[in-house]
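The exercises below are to be worked with the sequence and the coordinates open. Each task is followed by a solution in steps.

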Amino acid sequence: MINYSEQRLSSTFFLTQLKVLVLIAMGLLISDWAFNDRLDLWLADQMFDATTQQFPLKEHWFTVTIMHEWLKYLMVCLAMGLIALLIQQTHSTRPLLSNTQIANLKIIISAAIILPLLIGTLKALSPIHCPWDLARYGGAASEFIWGSGSSGGKCFPAGHVTSTSWLMAFTFVYLPLAKQKARWVWLAAFSLAFMTGWVQQLRGAHFLCHTLWSLWISWAVIVLLAYYFRGQRRVLNRFATA
């Protein structure tokens, strides 16, 4: 007999997540406006070589080949493997995964698909430039100022972060029964996603705020997906025996 019982996440959990997300968003907005992006510019200045007028790691083999190309391909392969597993389990007459595990797969796969599409769309609509496009760093564009009517850009939020930020969805594999493990999984996935964004900052492709907003959007979307697939509002109706 296979146990198909479902572990639904409580409304309290999602309410807490919502409060935290709102507070973090307010903090990001205040820091962006109050400091007028000075921290972003200062960090980019440290990564920029004024003598050669370029970011030294822009075309480095590690930042380009390993952290940008190979990492992205690895994550695509992982996502495709999970999709294949989900298809096999949902069509199997004797599935090995419980309803909760199937729901977790749906959260993870949905995040892997939705996040790149969402961030990519936001980038396409954004008037904010990448550091390497700015005149300050050898480009031709002027720095973006809210209300200035600037166009172009298409560099906010950070897109490459989503190649790994969807891994934060693995947190729900351990919720609600193993909260400590869930925290460690979230921290590991968040750290990898932040490092992915940091490497792009080293290349001059993004500012720090681009990375932080991408991470915020990623977790907000993942929480919404978890609410849909595993919230108390939803009752899975597949109960089978084998």
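**Exercise 1. The salt bridge**

Task: State how many salt bridges the structure holds, and find which side chains meet in a salt bridge.

Solution. The model is a predicted one, and the structure holds 1 salt bridge. The partners are aspartate 45 and arginine 136, whose side chains meet at 2.9 Å, N to O. Last, check accessibility. Aspartate 45 has a relative accessible area of 29% and is partly exposed; arginine 136, with 38%, is partly exposed as well.

**Exercise 2. The chain as a whole**

Task: Describe the secondary structure of the protein chain and say what percentage of its residues is buried.

Solution. Begin with the elements: the protein chain has 7 helices and 0 strands. Read from the N terminus, they run α-α-α-α-α-α-α. Then turn to burial, where 43% of the 242 residues are buried. The accessible surface of the chain is about 13200 Å², and carbon and sulfur atoms account for 67% of that area. For contacts, take those with a separation of 6 or more: 80% of them join residues 24 or more positions apart.

**Exercise 3. Nonpolar cores**

Task: Identify the residues that touch the most other members of the largest nonpolar core, and find which element gives the largest share of this core.

Solution. The largest nonpolar core has 38 residues, and those touching the most other members are Ile107, Ala111, Trp166, Phe172, Trp219 and Ile222. Two or more residues each come from helix H1 (11-34), helix H3 (61-91), helix H4 (99-125), helix H6 (179-203) and helix H7 (208-230). H4 gives the largest share, 10 residues. To see one member in detail, take alanine 111 and set aside its neighbours within four places in sequence: its contacts are Pro116, Trp166, Ala169, Ile222 and Leu225. Apart from this core lies another, of 15 residues, including Ile128, Tyr137, Phe207 and Trp213.

**Exercise 4. A nonpolar patch on the surface**

Task: List the residues of the nonpolar patch and decide whether leucine 117 is buried or exposed.

Solution. The patch on the surface is formed by Ile83, Ile87, Ile113, Ile114, Leu117, Leu118 and Leu122, which together have about 550 Å² of accessible area. At least two of its residues come from each of H3 and H4, and H4 supplies the largest share, 5 residues. Leucine 117 is in helix H4. The cut-off for exposed is over 50% relative accessible area; leucine 117 is at 57% and therefore counts as exposed.

**Exercise 5. Aromatic pairs**

Task: Classify the pair of tryptophan 166 and phenylalanine 170, then the pair of tyrosine 228 and phenylalanine 229.

Solution. The count of aromatic pairs is 14. For tryptophan 166 and phenylalanine 170, the centres are 6.4 Å apart and the planes make 40 degrees, which is a tilted pair. Tryptophan 166 is buried at 3% relative accessibility, whereas phenylalanine 170 is partly exposed at 24%. For tyrosine 228 and phenylalanine 229, the centres are 5.0 Å apart and the planes stand at 80 degrees, so this pair is edge-to-face. Here tyrosine 228 is partly exposed, at 39%, and phenylalanine 229 is buried, at 12%. Ring pairs also link Phe13, Phe14, Phe172, Trp186, Phe190, Trp219 and Tyr227 into a cluster.

Methods:
Residues numbered from 1 in each chain as written. Predicted model: local features only at pLDDT ≥ 70, side-chain atom pairs only at ≥ 80, totals over all residues. Heavy atoms only, no water. Core = buried A, V, L, I, M, F, W, Y, C linked by side-chain atoms within 4.5 Å. Buried < 20%, exposed > 50% of the residue type's maximum accessible area, 1.4 Å probe, protein only. Helix = DSSP H or I, 4+ residues; strand = E, 2+ residues; numbered from the N terminus. Contact = heavy atoms within 4.5 Å. Patch = residues over 30% accessible without salt bridge, like charges linked within 9 Å, V, L, I, M, F, W, Y side chains within 5 Å. Areas by Shrake-Rupley, 256 points an atom, 1.4 Å probe, with all protein chains shown as cover. Salt bridge = Lys/Arg side-chain N within 4 Å of Asp/Glu carboxyl O. Phe/Tyr/Trp six-rings, centres within 6.5 Å; stacked < 30°, edge-to-face > 60°.
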